[in-house]
Amino acid sequence: MGLWHVYYEDWQMECCGTPFSVGDEVSWPLLLVDPDTVLGGGWHDQLTEVAGPVEDVGGVRMVREEPGLPVALGADPDAEEDLRPEPGSRTRSAGLLSVERHGAKWPEAAGLVRAVQVLTQTWAETAPGSRSYEPVAGERGLRLVDRCPKWFKETEAERAADGRGRRSRESGLVVTLDVPDTDSRLSHAVREARGIPRHAEPGAETRDIPAADLTALLESLSRPGRRGRPGTARRGA
């Protein structure tokens, strides 16, 4: 079993998602996106690295991460050329795993939900009185819950010292998914935190640990707000 941080955007859940709880088995289509394009970046502790052969599945460019996580590679819709690796090649790409339920279809990743955190993001007007809001980089928090909501909340706008309106919005979820027959950097971090050899058998990190203790440990390994290196994945599929 490998542990993977997955971002589940609020509108994806509200539109087409089914609420789930810690301990549920789920199956989701996963897309690897450029973390700097999501809520202003700053996803250092949630980044994923995948490596493996690139294949074309029904027009979707994918990597079946060794040894088995199926992930679609995002493309930048504003780029003049497609910078993704070609089918038949191999790649090592870093980015943010996200649930994508719209557009093309590709094989889903199935696993056990180990932790759910509601992500609250600060948004500010692009200019005073514009009523057009953008995420404020680095200003977000995570709140541990047992079950994800179907609908997400936001606060009333307040006027900041610079005259721009500001508000906080629940902008999605950070879910820790435990996927059979895979391994990950997050699993390695959990093993290290528990004093288990880094390259122990996959799944050793979650063995013989109470669910509540594992959830608390996973929470400590997904702090928001620290800015890391840009990923190499791009948005779109």
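Are Tyr 7 and Trp 43 buried or exposed? Both Tyr 7 and Trp 43 are buried, where buried means under 20% relative accessible area, exposed over 50% and partly exposed in between (1.4 Å probe, protein chains only). The exercises below concern a predicted model, in which local features need pLDDT of at least 70, side-chain atom pairs count only at pLDDT 80 or more, and totals for chains, interfaces and linings use all residues. Residues are numbered from 1 along each chain as its sequence is written, and side-chain values use heavy atoms, with hydrogens and water left out.

**Exercise 1. Classify the ring pair of Tyr 7 and Trp 43.**

Step 1. State the criteria. A pair of aromatic rings is described by the distance of the centres and the angle of the planes. Rings of Phe, Tyr and Trp (its six-membered ring) pair if their centres lie within 6.5 Å; planes under 30 degrees apart count as stacked, over 60 as edge-to-face and the rest as tilted.

Step 2. Apply them. The count by this rule is four aromatic pairs. In the pair of Tyr 7 and Trp 43, the centres are 5.3 Å apart and the planes make an angle of 50 degrees, so the pair is tilted.

Step 3. Tyr 7 lies in strand S1 (residues 2-9) and Trp 43 in the loop between S3 and S4, so the pair ties together parts that are 36 residues apart in sequence.

**Exercise 2. Identify which residues touch the most other members of the largest nonpolar core.**

Step 1. Define the set. A nonpolar core is a set of buried Ala, Val, Leu, Ile, Met, Phe, Trp, Tyr and Cys residues joined through side-chain atoms within 4.5 Å.

Step 2. Name the residues. The largest core has 28 residues, and Phe 20, Trp 28, Leu 30, Leu 69, Leu 97 and Leu 173 touch the most other members.

Step 3. Name the contributing elements. Two or more residues of this core come from each of S1, strand S2 (25-28), S3, S4, strand S6 (69-73), strand S7 (90-99), strand S8 (109-125) and S11.

Step 4. Consider the second core. A separate core of 16 residues includes Leu 31, Trp 43, Leu 96 and Trp 106.

**Exercise 3. Describe the setting of Ser 171 and of its contact Leu 39.**

Step 1. Ser 171 is part of strand S11, and this serine is buried, because its relative accessible area is 2%.

Step 2. With neighbours within four places in sequence left aside, Ser 171 is in contact (heavy atoms within 4.5 Å) with Tyr 7, Glu 9, Asp 10, Leu 39, Leu 119, Gln 121 and Trp 123.

Step 3. Leu 39 is in the loop between S3 and S4. At 10% relative accessibility, Leu 39 counts as buried. Although Leu 39 is not a glycine, its phi is positive, about 55 degrees.

**Exercise 4. Describe helix H2 and what follows.**

Step 1. In H2 (residues 185-194), the residues Leu 186, Ser 187, His 188, Val 190 and Arg 191 are buried.

Step 2. These buried residues pack against S1, strand S11 (165-179) and helix H3 (211-220).

Step 3. Gly 195 follows H2 and has a positive phi, near 75 degrees.

Notes
Helices (H or I, at least four residues) and strands (E, at least two) are DSSP runs, numbered from the N terminus.
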